[in-house]
Amino acid sequence: MKQKEFNIPFSGLKQGKHNFNYQIDNTFFDSFGYDEFNAANINLDVVLHKTSTMLEVDMEASGTVNVNCDITSEPFDQPVNADLHLVVKFGEEYNDEDIEILILPHREHELNIAQYVYEMLVLAVPQKRIHPGIEDGTLKSEVLDRLKELQPKEKRSNKEENDPRWDELKKLLTDK
């Protein structure tokens, strides 16, 4: 889905560096049909370096996304920090097969970075989302209490009684 606020009209810009700033909230992810985040508050800084033959786009994002913990389903704010470097060249036809190089047709006059921002931010969130209160022991939850009740009480030892037949076979392996 094209998002007009992420269109950068580069044709009217002078050569050199140009800064753009975006505030990203959950409506951005909703427009892509992505509903894994409860809320989002991310600041995106984009630096566009225009030269006569190409564009270089540096994106840096920092902020938080509110996600549910994979263990307790408790919501928490997950810090997000991500960056992406993109080189835009001009050619005969559109080509985005390379991750870091985008080829735009010569007739184009603007660049839409929404898809790159979306992928960068979704990939910046860890796959396993664990509430920080679990790791430091400060989270009080019914789910955690129930998990502690259900965990095994005794630890099994690896000292199983040996079968003498296996012992004889093991001797054959070491006799080589």
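At 45% relative accessibility, Lys171 counts as partly exposed, where buried means under 20% relative accessible area, exposed over 50%, and partly exposed in between, with a 1.4 Å probe and protein chains only as cover. The structure is a predicted model, in which local features need pLDDT of at least 70 and side-chain atom pairs count only at pLDDT 80 or more, while totals for chains, interfaces and linings use all residues. Residues are numbered from 1 along each chain as its sequence is written, and side-chain values use heavy atoms, with hydrogens and water left out.

The side chain of Lys171 meets that of Glu168 in a salt bridge, with 3.4 Å from N to O; a salt bridge is defined as a side-chain nitrogen of Lys or Arg within 4 Å of a carboxyl oxygen of Asp or Glu. Both Glu168 and Lys171 belong to helix 5, where they are 3 residues apart, or about one turn of the helix. Glu168 has a relative accessible area of 47% and is therefore partly exposed. Side chains of opposite charge can pair when their charged atoms come close.

Helix 5 spans residues 164-174 and also holds Trp166, which counts as exposed because its relative accessibility is 54%. Together with Leu169 and Leu172, Trp166 forms a nonpolar patch on the surface, and the accessible area of these residues together is about 360 Å². Such patches are made of residues with over 30% relative accessible area and no salt bridge, like charges being joined within 9 Å and nonpolar side chains (Val, Leu, Ile, Met, Phe, Trp, Tyr) within 5 Å. Accessible areas come from the Shrake-Rupley method with a 1.4 Å probe, and for residues only the protein chains shown count as cover.

The chain as a whole has 5 helices and 7 strands, and its pattern along the sequence reads β-β-α-β-β-β-β-β-α-α-α-α. Of the 176 residues in the chain, 33% count as buried.

In total, the structure holds 2 salt bridges. One of them joins Arg129 to Glu36, with the closest N and O atoms 3.3 Å apart. Arg129 lies in the loop between helix 2 and helix 3 (132-136), whereas Glu36 lies in the loop between helix 1 (26-30) and strand 3 (39-50), so the pair ties together parts that are 93 residues apart in sequence. Arg129, at 11% relative accessibility, counts as buried, while Glu36, at 40%, counts as partly exposed.

Leu55, found in strand 4 (residues 54-68), counts as buried at 1% relative accessibility, and its C-alpha atom is separated by 8.7 Å from that of Phe10, 45 residues apart along the chain. Asn7, placed in strand 1, is partly exposed with a relative accessible area of 21%; the C-alpha atoms of Asn7 and Ile113 are separated by 6.6 Å, although the two residues are 106 residues apart along the chain. Ser11 is found in the loop between strand 1 (7-9) and strand 2 (16-24), and is 9.6 Å from Leu111, C-alpha to C-alpha, across 100 residues of sequence.

The largest pocket has a volume of about 490 Å³. It is lined by 21 residues, of which Tyr94, Asp96, Asn112, Gln115 and Tyr116 lie nearest its centre. The elements that give two or more residues to this lining are strand 6 (101-105), strand 7 (110-112) and helix 2 (114-124), and helix 2 provides the largest share, 6 residues. By class, the lining has 12 nonpolar, 3 polar and 6 charged residues, where Ala, Val, Leu, Ile, Met, Phe, Trp, Tyr, Cys and Pro count as nonpolar, Asp, Glu, Lys and Arg as charged, and the others, Gly among them, as polar. A pocket is an open set of points on a 1 Å grid over the protein atoms alone, where a 1.4 Å probe fits, with protein on both sides within 12 Å along at least five of seven lines, and lining residues have an atom within 4 Å of a point. Grid points are joined across faces, edges and corners, and a volume is the space filled by probe spheres set on the points.

Definitions and conventions:
Helix = DSSP H or I, 4+ residues; strand = E, 2+ residues; numbered from the N terminus.
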